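Subject: A structure for you to look at

Dear colleague,

I am handing over the structure we spoke about, and below it I have written down what was found. Please keep it open beside this message while you read.

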Amino acid sequence: MDQETKELRKAGLKVTHPRMRILQIFEEADERHLTAEDIYKRLLANQEDIGLATVYRVLTQFEAAGIVMKHNFEGGQAVYELDRGKHHDHMIDVDSGKVIEFISEEIERLQHQIAERHGYVIEDHSLVLYVRPKKRK
């Protein structure tokens with residue numbers, strides 16, 4: 001709980017029960033990408049009296065403070081993940097909606113080469129691959 005308090009204070013946010021619980025849910029979750037509804041359901045399961053509107057409000061505050069990143073993947077709900085500062089890209093399984101994170105130095109290098117070839121420097125980027133499992137023979 002002490003780590004969550006430090007994170008909130010570092011971000012300039014007052015330590016409140018809803019903020020603490022939502023941050024705790026992110027840190028304890030097996031999956032890294034959660035919707036507001038996922039968080040709300042976990043709060044309800046723990047008999048927490050925190051409404052869905054509060055969850056959205058806290059997530060917006062966390063995003064503005066750089067605690068979480070919001071992703072609006074095509075065809076789905078917004079998902080949030082803790083911003084740990086390490087760049088990664090995503091694959092989305094179009095059948096199940098599953099989000100898979102990956103890191104590829106080769107792809108990063110190619111993106112920089114392409115930008116340079118066109119006279120640009122990459123400031124930031126987001127790569128999302130929409131995938132489907134291979135059919136088995």
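Which residues lie nearest the centre of the largest pocket? They are Met 69, His 71, His 87, His 88 and His 125, which belong to a lining of 18 residues. A pocket here is an open set of points on a 1 Å grid over the protein atoms alone, where a 1.4 Å probe fits and protein lies on both sides within 12 Å along at least five of seven lines; lining residues have an atom within 4 Å of a point.

Before going further, please note that this is a predicted model, in which local features need pLDDT of at least 70 and side-chain atom pairs count only at pLDDT 80 or more, while totals for chains, interfaces and linings use all residues. Residues are numbered from 1 along each chain as its sequence is written, and side-chain values use heavy atoms, with hydrogens and water left out. The mean pLDDT (the predictor's confidence in each residue, from 0 to 100) is 89 for the protein, and 98% of its residues reach 70 or more.

Strand 1 (68-71), strand 2 (79-82) and strand 3 each supply at least two lining residues, and the largest share, three residues, comes from strand 1.

The UniProt record, an unreviewed entry, places the feature "binding site" at His 87, Asp 89, Glu 108 and His 125. These positions are spread over 39 residues of sequence, yet they cluster in space, with a largest C-alpha distance of 10.0 Å. From this set, His 87, Asp 89 and His 125 are in the lining of the largest pocket. UniProt positions are given in the numbering used here, feature names are shortened, and annotations may be inferred rather than shown by experiment.

Asp 89 is found in strand 3 (residues 89-93), and it counts as buried because its relative accessibility is 1% (buried means under 20% relative accessible area, exposed over 50%, and partly exposed in between, with a 1.4 Å probe and protein chains only). Glu 108, in helix 5 (residues 105-117), is also buried, at 13%. Leaving aside neighbours within four places in sequence, Glu 108 is in contact (heavy atoms within 4.5 Å) with His 87, Asp 89 and His 125. The side chain of His 87 makes polar contacts with the side chains of Asp 89 (3.3 Å) and Glu 108 (3.2 Å); a polar contact is a pair of N or O atoms within 3.5 Å, where within protein one must be able to donate a hydrogen and the other to accept it, and residues adjacent in sequence count only if both atoms are side-chain atoms.

His 33 is found in the loop between helix 2 (17-28) and helix 3, and it is buried, with a relative accessible area of 11%. Its side chain makes polar contacts with the side chains of Glu 81 (3.4 Å) and His 90 (3.1 Å).

With best wishes

Key. Helices (H or I, at least four residues) and strands (E, at least two) are DSSP runs, numbered from the N terminus.
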